[in-house]
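Here is a friendly briefing to read alongside the model.

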Amino acid sequence: MNDNLATLLSFLPQLWEGIQTTIILTVAGSVGAIIIALVLGITMTSPHWWLRAPARIIVEFFRGTSLLVQLFWLFYVLPLLGFELDPLLCGIGALALNYGAYSAEVVRSSIKTVAPGQWEAAIALSLSPTRRMLRVIFPQAWALMIPSLATLLIQLLKGSAVVFFITLSDLTDKINQLRQSTGDTYFAFSIGLIIYFILAWMLQEFMNFLERRATAALGRRRPNSRTDRREARRAARADTVRKDRLVSHGVAGEGTDSGLGTDPLKRPSSGEGGDR
Amino acid sequence: MPPTENTPANPSASATPAIEFTDVEKSFGPTTVLKDLNFSVAPGERVTLIGPSGSGKTTILRLVMTLEELTGGYIFVDGKPLTFEERDGKRVELPKKRTREMTTRIGMVFQQFNLFPNMTVLENIIEAPVHVLGKSKSEASKEAKELLERVGLAEKADEHPTRLSGGQQQRVAIARALAMSPEILLLDEVTSALDPELVGDVLGVLRDIAETTDITMLLVTHEMQFARDVSHRVMMFDGGQVLEQGPPDQIFNNPQHDRTRSFLSSVL
């Protein structure tokens, strides 16, 4: 085990390189995917079929074909057509197209989920179609789409390992090298799992942050947010206190009922005193 | 017989009608909701549409607001075609942009308020005046604050709509519609979604608008006392047709048709 740690320590700079490649692929791929998703997703909600149809075809094509084959196509076929791309760009492009197509469907359905009354109010105020989308519909749809986008982006992070096939050395590749140099399969792949998990966790936290911001902009909170839970606990405590008071009143009440006119307005304060 | 003290509109005047329906037809798929509907509303006139559910009242308001597509006939606002016009004997749809210019004169308040949750109360009100009418932000904000004052919500300008009660939201929605200085205001069952104790505030605001402005109003409501107090004319709809119409006193006290009578007895 000590040997393993020593190898890991000396391997750290290389591992860091791999992590960087994975991060670059994930971040650039995600940005690309989100841009593609927004353009295609919004286009798919157009009232004009001649805009909707091509967007739908592109989405179905990239959703329906393998990420690996898309990657090979960019890497091996484009040069045959006279365009040679850097392997990193191929990786980013394939991830962005594939996950962008999936996310476009999320964008489309979130836009469709915004209450029809919001569209109608925007029309009633004579807002132009662009303003309607940018100022009214999209900010509301954005809050709805973030959780699903988060899932897809984490899949993108994990899917980025396929770039191994086009000569790029990412985290997975480095982990494989670590396995070869330590000869300890269990150790190397466990390290790999942990690093991927940390990266995914960071990505999830970032998406949670975006979601909190988006829902706060709507004057709401995320379902079951920390603030909600805190308030629920507070309400529960207040409720117990109230019940305690009722109980103590009940007991006290029986004693005093026969007595002359207890002022009902004074009861709560006597109850409070009894609690302490 | 005029219901309110300010100058009642005179429907028989020769002035161009604020709203005119000519042979209007509306169907949703195979279901025809309105057929051969002809009526007009004079500038400044306040008209209440009543009738059983499914009689097409709300559809009429939605057609004027261009929320529904007109399947037949024409609607004119201030004498100008709204969505379709006749050209060389053919029915031609007008460009959307042109229609949108026309709808800036029309405001609508909805049953479900439909405030934009991603904007504060003030932002809700100034959005269209700034971006549709091209007013400056400071001018629009000043007017918005005056309107909020008028509907009794001056202190709520920076709140999010979700933090307001239904009645408050509806009053903001009224202020938002008025911020566009509409010539025509469409009110679609604006109190139906409210708790009973909140209805009064909203109706109070509308009464105030009716008494102090000459905005043409077309309203669908179940508040018969309110309809009686503010409207110049009541139109009873049934099966997409005007069954009978007249001043509120006549319709409410002396309806000519059995169906009007049975409808009124079911709601009063």
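In the hairpin of β1(B) and β2(B), which has 2 residues between the strands, G29(B) takes a positive phi near 60 degrees. This is a predicted model, in which local features need pLDDT of at least 70 and side-chain atom pairs count only at pLDDT 80 or more, while totals for chains, interfaces and linings use all residues. Residues are numbered from 1 along each chain as its sequence is written, and chains are lettered from A and ligands numbered from 1 in the order in which they are written. Helices (H or I, at least four residues) and strands (E, at least two) are DSSP runs, numbered from the N terminus.

**The hairpin in chain B**

- Strand β1 (residues 19-28) and strand β2 (residues 31-41) of chain B pair in the antiparallel sense over 7 bridges; two strands pair if DSSP finds at least two bridges between them.
- F28(B) has T31(B) in β2(B) as its bridge partner.

**The open sheet in chain B**

- Chain B has an open sheet of 6 strands with mixed pairing, in the order β8-β9-β10-β3-β11-β12.
- Its edge strands are β8 and β12 (241-246) of chain B, each of which pairs on one side only.
- From one strand to the next, the twist averages 20 degrees.
- Strand β11 (residues 233-238) of chain B runs antiparallel to β12(B), and 5 bridges join them.
- Across that pair, V234(B) stands opposite G246(B) in β12(B).

- E146(B) sits in helix α4 (residues 137-150) of chain B.
- E146(B) counts as partly exposed because it has 13 C-beta neighbours inside 10 Å. The cut-offs are these: a residue is buried if 20 or more other C-beta atoms lie within 10 Å of its own, exposed if 12 or fewer, and partly exposed in between, with C-beta atoms placed from the backbone.
- From C-alpha to C-alpha, E146(B) and A179(B) are 9.7 Å apart in space, and they are 33 residues apart in sequence.

**Chain A as a whole**

- Chain A has 10 helices and 0 strands, so read along the sequence its pattern is α-α-α-α-α-α-α-α-α-α.
- Of the 276 residues in chain A, 30% are buried.
- Among contacts in chain A with a separation of 6 or more, 73% come from residues 24 or more positions apart. Two residues are in contact if their C-beta atoms, placed from the backbone, lie within 7 Å.
- In the loop between α2 (49-64) and α3 (67-80) of chain A you will find S66(A), which counts as exposed because it has 12 C-beta neighbours inside 10 Å.
- S66(A) and V27(A) are 39 residues apart in sequence and 21 Å apart in space, C-alpha to C-alpha.

**Helix α1 of chain A and its partners**

- The axes of helix α1 (residues 2-43) and helix α6 (residues 129-159) of chain A come within 11 Å and cross at roughly 140 degrees. That makes α1(A) oblique to α6(A).
- Axes are lines fitted to C-alpha atoms, for helices over the stretch in contact, and angles run from 0 to 180 degrees between N-to-C directions. Angles under 35 degrees count as roughly parallel, over 145 as roughly antiparallel, 65 to 115 as roughly perpendicular and the rest as oblique.
- α1(A) and α6(A) have a right-handed crossing. A crossing is left-handed if the near helix is turned anticlockwise from the far one by less than a right angle, and right-handed if clockwise.
- T26(A), G29(A), S30(A), A33(A) and I42(A) in α1(A) meet M133(A), L153(A), L156(A) and L157(A) in α6(A).
- By class, this contact of α1(A) with α6(A) has 6 nonpolar, 3 polar and no charged residues. Ala, Val, Leu, Ile, Met, Phe, Trp, Tyr, Cys and Pro count as nonpolar, Asp, Glu, Lys and Arg as charged, and the others, Gly among them, as polar.
- With helix α7 (residues 171-182) of chain A, the axis of α1(A) comes within 8 Å and crosses at roughly 165 degrees. That makes α1(A) roughly antiparallel to α7(A).

**Where the chains touch**

- The contact takes 23 residues from chain B and 18 residues from chain A.
- α3(B) gives the most to the side of chain B that touches chain A, with 3 residues.
- That side of chain B divides into 10 nonpolar, 10 polar and 3 charged residues.
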